[in-house]
Amino acid sequence: MSSKPIWVLGAGQLGAMLKHAGMPLALDVRPVDINESSAPALQADDLVTAEREQWPDTLVTQTLAQHAHFVNKPVFGRLADRKTQKELIDSLGLATAPWRNVANDINANELRDQLGERVLLKRRTGGYDGKGQYWIRAQDDEVPADWQGQAIAEQAIPFDEEVSLVGVRNRAGQCVFYPLTLNLHLNGILYASIAPLARLQHLQEQAETMLGKLLNELDYVGVMAMECFRVGDQLMINELAPRVHNSGHWTQAGASISQFEYHLRAIADMATPKAQILGQNVMINLIGTQYNPNWLNLPVAQTYWYGKDVLPGRKVGHINLVSKDVVDIRCTLQQLKFLLPEQYYKEAIDWSLKALEDVN
């Protein structure tokens, strides 16, 4: 077991949750704000991980990213760039949306000829929660000048649902996976996640094979998330995240080992047994909404508040619902309708209730 500090590049909510998960394991987890004016004093045998796959060049990031024991160091840049991420997926023969690099001289008509009438541009780096995206739909749409050479173009996929798989790989190469999670995005932002669902179980092996290939190819250690489109009975990889992930937050309340604990166990060479799933789970993201103490009155809900300034579109917390009786989940969701703003949340809660209709 590791007693040396584990430094986390980044001190947002993911870093805070990693720190919290490390406490019962007697791990000294130290998230570091990338904009601190002074760099931490790392020792040669300390460990470094990250709560984000890309970062600006600051004194702190230089210090942490150059450390000899920065776990997964070669992976971050490769997956943070959507072009090299797509090239990796293609090289392993895994399904993903057809795509093209937006080279400096390419135009919208060429992209439409190659990819179809609806084309989505994505910035190669940056962009999250729907940011860094630009649709080419109409005939008179063009590739904006400042996107030339800075983006990839993807074919629009008429998917049935969005799902994700969160898995962990240890240094011995052993992989463990959570059940597939069903996700709802509104305006590009994750609003709700549900797991497990029996109707997705037949896709579990397919998903584990895909993510397992990626983890092994990268010699990855820790937690990674794979976001997919479900098209019939086939999965297509949308994006990869080399870190703990929003769609795995349900594991904090709903599994015997959370994604945050798994990540720390893996990088600290601790055991990574298969987690027990503790019941039916729903995660509701809190987006740009003020804290409501009445959330604490809900018996099958756990509130996680990030302590951030509340801004439109900003993730400020989440609520995990877990129970062995799905009736408890449905009742709590109905109560939440009155404790959250109607805009978006009515849709997210109605979507969650519908997804749970076939669950006994």
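Visitor: What should I know before we start?
Guide: Residues are numbered from 1 along each chain as its sequence is written, and side-chain values use heavy atoms, with hydrogens and water left out. The model is predicted, so local features need pLDDT of at least 70 and side-chain atom pairs count only at pLDDT 80 or more, while totals for chains, interfaces and linings use all residues.

Visitor: OK, strand S16: how many of its residues are buried?
Guide: Nine of the nine residues of S16 (residues 315-323) are buried, so the strand is largely enclosed by the rest of the structure. Buried means under 20% relative accessible area, exposed over 50%, and partly exposed in between (1.4 Å probe, protein chains only). Strands (E, at least two residues) and helices (H or I, at least four) are DSSP runs, numbered from the N terminus.

Visitor: And how does S14 pair with S16?
Guide: Strand S14 (residues 280-287) runs antiparallel to S16 over eight bridges. Two strands pair if DSSP finds at least two bridges between them. Met 283 sits opposite Asn 320 of S16, and Val 282 has Leu 321 as its bridge partner there.

Visitor: Which strand pairs with S16 over five bridges?
Guide: That's S15 (residues 301-305), again in the antiparallel sense. Thr 303 has Ile 319 of S16 as its bridge partner.

Visitor: Back to S14. Which residues point which way?
Guide: Gln 280, Val 282, Ile 284 and Leu 286 point one way, Asn 281, Met 283, Asn 285 and Ile 287 the other, and all are buried. With eight of eight residues buried, S14 is largely enclosed by the rest of the structure.

Visitor: What about S11 and S14?
Guide: S11 (residues 189-195) pairs with S14 in the antiparallel sense over four bridges. Ala 192 stands opposite Ile 284 of S14.

Visitor: Changing topic: where is Phe 338, and is that residue buried or exposed?
Guide: Phe 338 is in the loop between helix H9 (326-336) and helix H10 (342-355). Its relative accessible area is 73%, so Phe 338 counts as exposed.

Visitor: How many Å separate the C-alpha atoms of Phe 338 and Val 327?
Guide: They are separated by 18 Å, with the two residues 11 apart along the chain.

Visitor: Last one: is Asp 113 buried or exposed?
Guide: Exposed, because its relative accessibility is 69%. Asp 113 lies in helix H5 (residues 108-115).
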